[in-house]
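Please keep the sequence and the model in view while reading.

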Amino acid sequence: MTTLTLSESKPVDRPSVKAQYDHFIGGKFVAPSSGEYFDNISPIDGKPFTKAARGNKEDVEKAIDAAHEAFKTWSKTSPAERSRVLNKIADIMEENLEMLARLETLDNGKALRECRAADLPLCIDHFRYFAGVIRADESSISEHDEHTVSIALHEPLGVVAQIIPWNFPLLMATWKIAPALAAGCCTVVKPAEQTPTSIMVLMELIADVVPPGVLNVVTGFGVEAGKPLASSNRIAKVSFTGETTTGRLIMQYASENLIPVTMELGGKSPNIFMKSVADADDEFFDKAVEGAVMFALNQGEVCTCPSRILVHEDIYDVFMERVVERTKAIKMGHPLAEDTMMGAQASNDQYEKILSYLDIGKQEGAVALCGGERADLNSGLETGYYVKPTIFKGHNKMRVFQEEIFGPVVCVTTFKTTEEAIAIANDTMYGLGAGLWSRDAHELYQVPRAIQAGRVWVNCYHAYPAHAPFGGYKKSGFGRENHLMMLNHYRQTKNMLISYDKKKLGFF
Amino acid sequence: MEVIKRILITDAAKEVIDTLRKRFGSELMFHQSGGCCDGSSPMCFEKGEFKVGSQDTWLGEVYRCDFFMSADQFEYWKHTQLTLDVTPGRGSSFSLEIPMGIRFMIRSKLFTSEELENLNPVTSGEERLSQG
C-alpha cells in the first residue's frame, strides 16, 4: 500500500460564480429555449457549484443564424482588424488569468498550478500567435502564359461547428476558436458536458470585443445539442476532439452533408528510454525521470498521456527505481492548494472507469509498482474523484497497455533492441504522441522517424507551443492544430483563372 | 458446459435501457469506444443510428441490444468477459443516457481456460446487419 504524499498549502479561495449560465449567442446571453439547466459538479468535492443551460436544436439553430449573419461582415473584415480582436481576447485573458485559472480548476478538478503555468498562458499565447500569422498571410498568383493568370485565393469556409473536450476546457476551445476566427470563419462551439462554465465566464469577459455572432457558445448534452449541431446542413465543417466512436458518428453526420471534418481522438503514447539515458546520473538523467513521470500531468487526462514506458532492459532497475520514487513523491491534495501537483479526475464516471482499469490490469497479471487504488483524501475532499498515481509492469498485449485509461496510470515494459522498441511503440491502434529519450545522435533522428505518431517529443514531453503542428496518425484522427498551416482547415481555395487574350479560341 | 456469453449486464443497466427504450420509442444498440475523454466506454444509440460494418465485431446481444466494438480493438478484448453497468456521472458524447446524469461503463473479467473453449461465436458488424 503506497502512502500518499500530501500537499501542505491551504487552498486559495474559489472564484465567485453565478447560480447559472445561459448560452452565448449573437453577442448576448440567451436563455435556453427549453428553460432547463443542468448541474455542473466540481470534481474537487463531487458537489454542484453552478448550472449550465441545457441546449437543444432550437438553440443551435439560433446560434447558426447568428453566425451566418455575422459572417457577412466578418468574412470581409480585414486581417488587421481580425488580428486586433484576437489580440484583445488574449489581453483580456491575461488581465484575468488568476480568476480564470481558479475557475478552470473548479470546473475540471486539475491542479491550480497547472492552470496558472500551462492552460491559461498557452491560451493567451495561442490567440496572439494566430493574431500574428494572419497579418502575414497571403494567397498566390501565377502567370501560366502571356495571357493567362491563375489566382489561388483562400476564402473562409463560413460557419463552422466545434465540439470541445473537457480535459483542458479553455485551451481546447482556444485551439479551435483562434484559427477559425483568424481565417475569417464564424463558429458555434459546444463545450463538454463536464466543463461548461469556464468558457461562459470567458464569454462574459470578451462579449464587447468580439463582433456579435462571430463566436457563439451553446452548452448542453451531446444527443440534444451536439447532434443537431454536427448534423446541421448549415455548417461548412466540424472540428472535434474526443473519442473514436463519437468521431465516427460525427463523420457519418458530416457525410450526409458532404462537409469536411478534422478530429483528434486520443492515443496510447509510448515514452521510450534508450540505454544511453542512464550513461550518467546527471541532470539529463533527472530530466528523463521527470519525463517518465509526466504520465501524471493533468491527472493523466491528456490525449497524449505518455501512458506506456518502454525502457531498455539493461537500465530498467536504475531508471525505474527513480521513476517510482518520483511518482510516490507526487503531492496530491486540494486542487486549489498552490503546491498540489495532481488534482481530481474530472467526473465520477471517469473515476469509476479508471478504477475498473486498475482492476483489469491486476486480473491480467500487471504488477503495481506503486499506487493501484483510489486516493483517500479528507478535509472536505472525501467525495471528490481522486486516484493514486499508478505504475503497472506488464507486457504490450495487455488491455491496460492498449486502451486509453485517461487517468494517472502508466504501464512499463522493457525492450532489448531498438527494433523491438519501435515495434512495441507502433503496436497500438493509435498514433498521437510519443517520446524518445536518448543521448545517441543517430537514435535521436532515426527512432522518431520510425514511430507512427503525429507528435514525437525528443528529449522532452508535454510541450504544446503554438507553431508546432499537432495531431494524430491512425485511429488518433486526422487534421492538425497549433500551426498557421491549420488556417487552411478553415478555408477553401477559389481559383480565378483569368484570360487577358481578346481573341477567340476558334471552336465555335 | 453451456455456451458462455461475452457480454453480460447488471440490473441497474437493464433499468436504464428500459427507460431509454420508452423515451426514444426504439430499440437500442451499443458500440464500445476507444480513445480519449469519454472513450474506453460503451456508447448507447438508437438501433441503426451508428453505422457498423465489416470493421466492427458483434459480440452478441445484451438485453435485446446488439453490442459492437471495432474489430482491431476486439483482438485485445477477446480474452475478457464484459459486464455492462451504469454509474452516476457526467459524460460527454452522443450516448443516450448522458442527460440522465449517469453513464454506461464496462466491467471486465478474464475468461478461464475452460470458458475460452465454450464462447459465443462473434461475427462482423456487416454480417450481423444482414442477419436482420
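In this predicted model, helix α1 (residues 11-24) of chain B lies across β1, β6 and β7 of chain B and runs at about 65° to β6(B).

- The order β1-β6-β7 (chain B) describes an open sheet of three strands, and the pairing is mixed.
- β1 (7-9) and β7 of chain B stand at the edges with a single partner strand each, so one side of each has no neighbour in the sheet.
- From one strand to the next, the twist averages 30°.
- The pairing of β1(B) with β6(B) is parallel and has three bridges; B:L84 in β6(B) is the bridge partner of B:I9.
- Helix α11 (residues 348-363) of chain A also packs on the sheet, where it touches β6 and β7 of chain B. The direction of this helix makes about 5° with that of β7(B).

**The contact between the chains**
- Chain B gives 36 residues to the contact and chain A gives 41 residues.
- On the side of chain B that touches chain A, β7(B) provides the largest share, seven residues.
- By class, this side of chain B has 14 nonpolar, 15 polar and seven charged residues.

Methods
Residues numbered from 1 in each chain as written. Chains lettered and ligands numbered in written order. Predicted model: local features only at pLDDT ≥ 70, side-chain atom pairs only at ≥ 80, totals over all residues. Contact = placed C-beta atoms within 7 Å. Helix = DSSP H or I, 4+ residues; strand = E, 2+ residues; numbered from the N terminus. Nonpolar A, V, L, I, M, F, W, Y, C, P; charged D, E, K, R; others polar. Pairing = 2+ DSSP bridges. Axes fitted to C-alpha atoms, helices over the stretch in contact; angles between N-to-C directions.
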